[in-house]
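Consider the two chains shown below.

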Amino acid sequence: MIRIENIYKSFNGFEVLKGISFQVEKGEILALIGGSGNGKSVILKHIVGLMKPDQGHVFIDGKNIGHLKGNDLEEIRGRIGFLFQNGALFTSFTVYDNVAFPLREKTKSSEKEIRERVLKELDQVGLAGAENKYPAELSGGMIKRTAFARALVIKPEVMLFDEPTTGLDPIIAHTILDLIKSLHEHLGFTAIIVSHELSRVFQIAHRVAMLHEGRIWTVGTPEEILSSKDPVVRQFISGVTGGSLKLY
Amino acid sequence: MIWISKLGEITLSLLNRIGRMGLFLAKAFLCAITPPLKFSWIIKQIWFIGFQSTLVIFLTGAFSGMVLGLQGFHTLNRFGSTALLGPMVALSLIKELGPVLSALMVTGRAGSAMTAEIGIMRTTEQIDAMELMGLNPFRYLIVPKLIAGIIALPLLTAIFDVVGIFGGYFVGGKLLGVGEGTYFGEMANYVRIEDVLEGIYKSLSFGVIITWVCCYKGYSAGFGAEGVSKATTQAVVLSSVLVLFWDYIMTSLLF
Ligand SMILES: Nc1ncnc2c1ncn2[C@@H]1O[C@H](COP(=O)(O)OP(=O)(O)O)[C@@H](O)[C@H]1O
Ligand SMILES: [Mg+2]
């Protein structure tokens with residue numbers, strides 16, 4: 001579904017990605033982990049074509065996203081939901097209008113159909129009753145849920161989650177990841193999750209990729225990563241979880 | 001010889017920036033003349049740039065007119081021609097002060113807010129989110145401001161001129177004794193339609209300059225809150241300087 005081939009990216013002469021390659025199969029959940037500032041967000045932005053690699057390619061369903069323009073690019077993007085690190089909600093819109101926006105602007109649905117869809121999505125992410133609030137009035141968890149609903153409303157085949165749990169207290173973080181899991185079972189999207197909430201993410205993900213020094217340091221099932229003897233992997237996992245990570 | 005290469009570097013980066021700004025304006029105009037236009041977004045911007053500026057324009061217009069009336073009266077008094085106070089005040093306002101001062105006030109009041117708004121949308125990834133929805137951010141964020149600027153500036157300038165003319169009359173006529181018939185009669189004799197058109201052309205182009213510069217600076221704002229505050233300052237300075245520069249060019253070349 002998603003194939004990344006050897007991408008390089010520098011900003012102002014500073015090389016962030018140094019030859020990244022990995023694949024995500026249809027229906028799979030891949031967890032992307034790695035220290036802060038390692039380029040995880042940059043990778044996700046390459047997948048949707050918000051950033052262009054200096055070298056290398058990104059394929060989605062066999063189509064090279066770097067070569068697409070206009071309607072073809074729009075069509076591919078229409079199949080991808082992106083949850084930005086800070087939600088990227090439109091601050092001048094209510095929760096309802098945020099979720100309704102893509103439908104109003106991109107489809108010919110009537111206001112009544114839109115209302116049904118929006119309320120259903122909000123209900124699905126546990127936000128029923130919050131539709132008239134503005135983003136400034138929402139808690140961190142509610143912002144992520146709204147952004148999630150706005151991404152889901154276009155019925156994406158692929159969901160990219162950029163730190164859906166960062167900045168939330170552990171209990172809320174777990175409910176967000178549980179929500180991702182149950183909606184994945186329900187809707188069957190392909191997903192990449194960037195998260196530091198390793199204990200829960202390792203239960204949800206089919207595979208884990210670890211980014212380190214601009215490369216994919218290691219990829220494997222959660223069990224393989226946890227039993228890895230690689231000192232870098234061991235140090236990262238114990239650093240994030242305080243050394244007490246258990247799967248079950 | 002190091003300063004020569006420095007100079008070359010500065011020139012290149014300046015040309016590069018001018019090129020980018022030019023492309024930005026071209027893209028905005030292209031989107032403005034092709035459907036779909038977002039009418040509700042345009043109305044909101046006219047309300048923000050236009051209606052919400054009326055008080056500031058009213059006040060600056062009144063005081064500018066009063067100062068012109070006062071200064072003009074004492075200057076003309078030396079030549080014994082205070083009868084020409086009306087046309088002097090009116091021409092100064094219509095041809096120069098009205099368009100320029102209105103543009104500077106709008107830059108300060110609405111332009112800086114425009115840069116901050118777009119800059120924050122850029123750094124909080126709202127613009128990226130819009131693009132990922134397959135929507136062109138220019139249509140929602142830039143074009144409505146550009147069109148609103150083109151509509152609002154001439155109207156605000158007209159308010160400025162009228163209020164200023166009455167401010168001049170208040171000082172020159174009511175306080176210093178120039179007759180009402182003289183003040184407005186001579187004005188009607190000396191002010192030509194070309195003078196009024198000159199003012200309108202100027203304010204139209206100022207509407208473009210302000211929204212162009214302020215939107216561009218916000219749209220290309222750098223990382224974080226620091227990037228936004230820097231962009232806002234730059235937008236106000238650049239927009240004000242460009243307004244005065246362009247005013248000189250138009251005055252000297254076209255009229
Ligand atoms: N638009 C940009 N311009 C310049 N540098 C950037 C940009 N986006 C990211 N970077 C840099 O790339 C590196 C990786 O950033 P990011 O992908 O956000 O890290 P993270 O893994 O925490 O998500 C950082 O050093 C960041 O400063
Ligand atoms: Mg990040």
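The axes of α3 (residues 95-106) and α4 (residues 111-124) of chain A come within 9 Å and cross at roughly 125°. Axes here are lines fitted to C-alpha atoms, for helices over the stretch in contact, and angles run from 0 to 180 degrees between N-to-C directions. Helices (H or I, at least four residues) and strands (E, at least two) are DSSP runs, numbered from the N terminus.

This is a predicted model, in which local features need pLDDT of at least 70, side-chain atom pairs count only at pLDDT 80 or more, and totals for chains, interfaces and linings use all residues. Residues are numbered from 1 along each chain as its sequence is written, chains are lettered from A and ligands numbered from 1 in the order in which they are written, and side-chain values use heavy atoms, with hydrogens and water left out.

The crossing of α3(A) past α4(A) is right-handed; a crossing is left-handed if the near helix is turned anticlockwise from the far one by less than a right angle, and right-handed if clockwise. Residues in contact (heavy atoms within 4.5 Å) include A:Val99 and A:Leu103 of α3(A) and A:Ile114 and A:Val118 of α4(A). By class, this contact has nine nonpolar, no polar and four charged residues. Ala, Val, Leu, Ile, Met, Phe, Trp, Tyr, Cys and Pro count as nonpolar, Asp, Glu, Lys and Arg as charged, and the others, Gly among them, as polar.

Chain B has a helix pair of its own. The axes of α3 (residues 54-78) and α6 (residues 137-175) of chain B come within 6 Å and cross at roughly 40°, and α3(B) and α6(B) are therefore oblique to each other. This crossing is also right-handed. Among the residues that make the contact are B:Gly61, B:Gly65 and B:Gly69 of α3(B) and B:Gly164, B:Gly167 and B:Gly168 of α6(B). The contact divides into eleven nonpolar, nine polar and no charged residues.

Next come the strands of chain A. Six of them form an open sheet of mixed pairing, in the order β6-β7-β8-β3-β9-β10, where two strands pair if DSSP finds at least two bridges between them. β6 (80-83) and β10 (215-220) stand at the edges with a single partner strand each, so one side of each has no neighbour in the sheet. Neighbouring strands are turned by 15° against each other on average, direction ignored. β6(A) and β7 (residues 158-162) pair in the parallel sense over four bridges, and A:Gly81 stands opposite A:Met159 in β7(A). Helix α1 (residues 40-47) of chain A lies across β3, β6, β7, β8 and β9, running at about 155° to β7(A).

Elsewhere in chain A, β1 (residues 2-11) and β4 (residues 55-60) run antiparallel and are joined by five bridges; A:Glu5 has A:His57 as its bridge partner in β4(A). Two bridges join β4(A) to the antiparallel β5 (residues 63-64). In the hairpin of β4(A) and β5(A), A:Asp61 takes a positive phi near 50°.

Finally, the chains meet through 15 residues of chain B and 18 residues of chain A.

Notes
Angles under 35 degrees count as roughly parallel, over 145 as roughly antiparallel, 65 to 115 as roughly perpendicular and the rest as oblique.
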